[in-house]
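Open the model in your viewer and keep the sequence panel beside it. The stops below go one selection at a time.

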Amino acid sequence: MNEIRLIRLTSGEEILVSVLKENELRTTVKNPILLIPDRDKIGFVPYMSYAEIEELIIKEEHIMFNVKPSDELIEQYKNMIDGPNKIQTLKILT
């Protein structure tokens with residue numbers, strides 16, 4: 001499937017994701033990126049950057065909406081996960 005979607009969770013968080021599969025109970029995604037809106041811009045950070053996420057399963061009851069993002073947002077997302085400006089996660093040393 002790998003369709004890029006913008007999902008708003010019941011917690012209020014908005015994430016850009018690649019949808020792997022979905023049904024009436026859950027949506028399975030990969031490469032979740034958290035959107036952080038500001039007055040004039042939107043910031044992007046890896047969702048749960050302190051965890052390694054191969055796949056994320058989201059229960060449908062925790063999704064407020066699941067929509068197609070704008071073409072510009074799709075291109076930025078692709079650049080963040082595969083392009084030269086790929087988002088790096090922080091390695092926490094213990």
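Start by selecting Met64, Phe65 and Val67, which form a nonpolar surface patch with about 240 Å² of accessible area together. Patches are made of residues with over 30% relative accessible area and no salt bridge, with like charges joined within 9 Å and nonpolar side chains (Val, Leu, Ile, Met, Phe, Trp, Tyr) within 5 Å. Accessible areas are from the Shrake-Rupley method with a 1.4 Å probe, and for residues only the protein chains shown count as cover. A salt bridge is a side-chain nitrogen of Lys or Arg within 4 Å of a carboxyl oxygen of Asp or Glu.

This is a predicted model, in which local features need pLDDT of at least 70, side-chain atom pairs count only at pLDDT 80 or more, and totals for chains, interfaces and linings use all residues. Residues are numbered from 1 along each chain as its sequence is written, and side-chain values use heavy atoms, with hydrogens and water left out.

Stay on Met64, part of strand S6 (residues 63-67); strands are DSSP runs of E, at least two residues, numbered from the N terminus. Met64 counts as exposed because its relative accessibility is 52% (exposed is over 50%, buried under 20%, partly exposed in between).

Next, select S3 (residues 26-37) and S2 (residues 14-22), an antiparallel pair with 7 bridges; pairing requires at least two DSSP bridges between two strands. Their hairpin has 3 residues between the strands. Leu16 is opposite Ile33 in S3.

Ile33 also stands opposite Pro46 in S4. S4 (residues 42-46) pairs with S3 over 5 antiparallel bridges, and a hairpin of 4 residues joins S3 to S4.

Finish at S5 (residues 56-59), antiparallel to S3 over 4 bridges, where Lys59 faces Arg26 across the pair.

Key: Buried means under 20% relative accessible area, exposed over 50%, partly exposed in between (1.4 Å probe, protein chains only).
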